[in-house]
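Please look over the sequence and the model shown here before reading on. The paragraphs that follow lead from one pair of packed elements to the chain as a whole, and then to single residues.

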Amino acid sequence: RTWVVDTLLEASKGRFQSLPQVASVVTGLNKYYDYVAISVIDSLVEEILSGLEKPDFRTHQRMIANLKLVGELYNYSLLDSRIIFDIVWTLLWPGPEHDLLPDPPEDTFRIRMVCSLLEACGHYFTHGHDGKKLEYALIGLFRYSLSKVITMDVEFVLSDILQQLRPNMQRPTTHEVRHSNSAAHSLHPQLLHIGWYMCQFFRY
């Protein structure tokens, strides 16, 4: 990474309110140095995945900032929506290609991560194919949340993101999830996690 990229990433460690300005600077520089945006995005995604592989509560704020900056970079058209949904599904259902340990029921940090990313850029996914992908991502998020011990503050985060992005959407109930999981296993006994298979159909 160049000094410019390192400086931009260092600037993103500040207040969340400064992230749109960081994204704006990346956009301006990318007009003259086309490697800047790619390098910043690659570094952000690498840090996010590294944080998932080696969880440490001391890095939580940094990971949230990284996700918010990725969302802001999408708002400036510096990356494709596919990357956004790839990150969402990797957080929720890593799948066999990622060597990540399952998080315990009381660990709800991935919920906060997904909501932080979608809060930054989800309002652009209003219709068409991206709109559908957002709806499936929200369904995946709420299905994932049913496996967690949800505190009041996390419940507020979930309710808030739904109100912001899809206020008319109904959250799936525990009964509905159990019914769909049973049906899936009866059709394909080797389905280990219906969420991961859902994402393979709906992430692209």
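Helices here are DSSP runs of H or I with at least four residues, strands are runs of E with at least two, and both are numbered from the N terminus. The axes are lines fitted to C-alpha atoms, for helices over the stretch in contact, and the angles run from 0 to 180 degrees between N-to-C directions. In passing α8, α6 makes a left-handed crossing, a term used if the near helix is turned anticlockwise from the far one by less than a right angle, with right-handed used if clockwise. On the α6 side the contact (heavy atoms within 4.5 Å) is made by Ile 111, Arg 112, Cys 115, Leu 118 and Glu 119, while α8 brings residues including Val 154, Val 157, Leu 158 and Ile 161. The residues of this contact divide into eight nonpolar, one polar and four charged, where Ala, Val, Leu, Ile, Met, Phe, Trp, Tyr, Cys and Pro count as nonpolar, Asp, Glu, Lys and Arg as charged, and the others, Gly among them, as polar.

The model is a predicted one, in which local features need pLDDT of at least 70 and side-chain atom pairs count only at pLDDT 80 or more, whereas totals for chains, interfaces and linings use all residues. Residues are numbered from 1 along each chain as its sequence is written, and side-chain values use heavy atoms, with hydrogens and water left out.

Seen as a whole, the protein chain has ten helices and zero strands. Buried residues, those under 20% relative accessible area with a 1.4 Å probe and protein chains only (exposed is over 50%, partly exposed in between), make up 45% of the 204 residues. Among contacts between residues at least 6 apart in sequence, 75% join residues at least 24 apart.

Cys 115, which lies in helix α6, is buried, with a relative accessible area of 4%. Leaving aside residues up to four places away in sequence, Cys 115 touches Leu 141, Val 157, Leu 158 and Ile 161. The C-alpha atoms of Cys 115 and Ile 64 are separated by 9.5 Å, although these residues are 51 apart along the chain.

Ile 64 belongs to α4, and is one of the α4 residues that meet α6. The axes of α4 and α6 come within 7 Å and cross at roughly 25°, and the two helices are therefore roughly parallel to each other. α4 passes α6 in a right-handed crossing. The residues of this contact divide into ten nonpolar, four polar and four charged.

Another pair consists of helix α2 (residues 19-30) and helix α3 (residues 35-53), which pack at an angle of about 140° with their axes 7 Å apart, and that makes α2 oblique to α3. Here Val 26, Leu 29 and Asn 30 in α2 meet Tyr 35, Val 36, Ala 37 and Val 40 in α3, a contact whose residues divide into six nonpolar, one polar and no charged.

Finally, Ser 77 is found in the loop between α4 (60-75) and α5 (81-92). Although Ser 77 is not a glycine, it has a positive phi of about 60°, and at 64% relative accessibility Ser 77 counts as exposed.

Technical notes
Angles under 35 degrees count as roughly parallel, over 145 as roughly antiparallel, 65 to 115 as roughly perpendicular and the rest as oblique.
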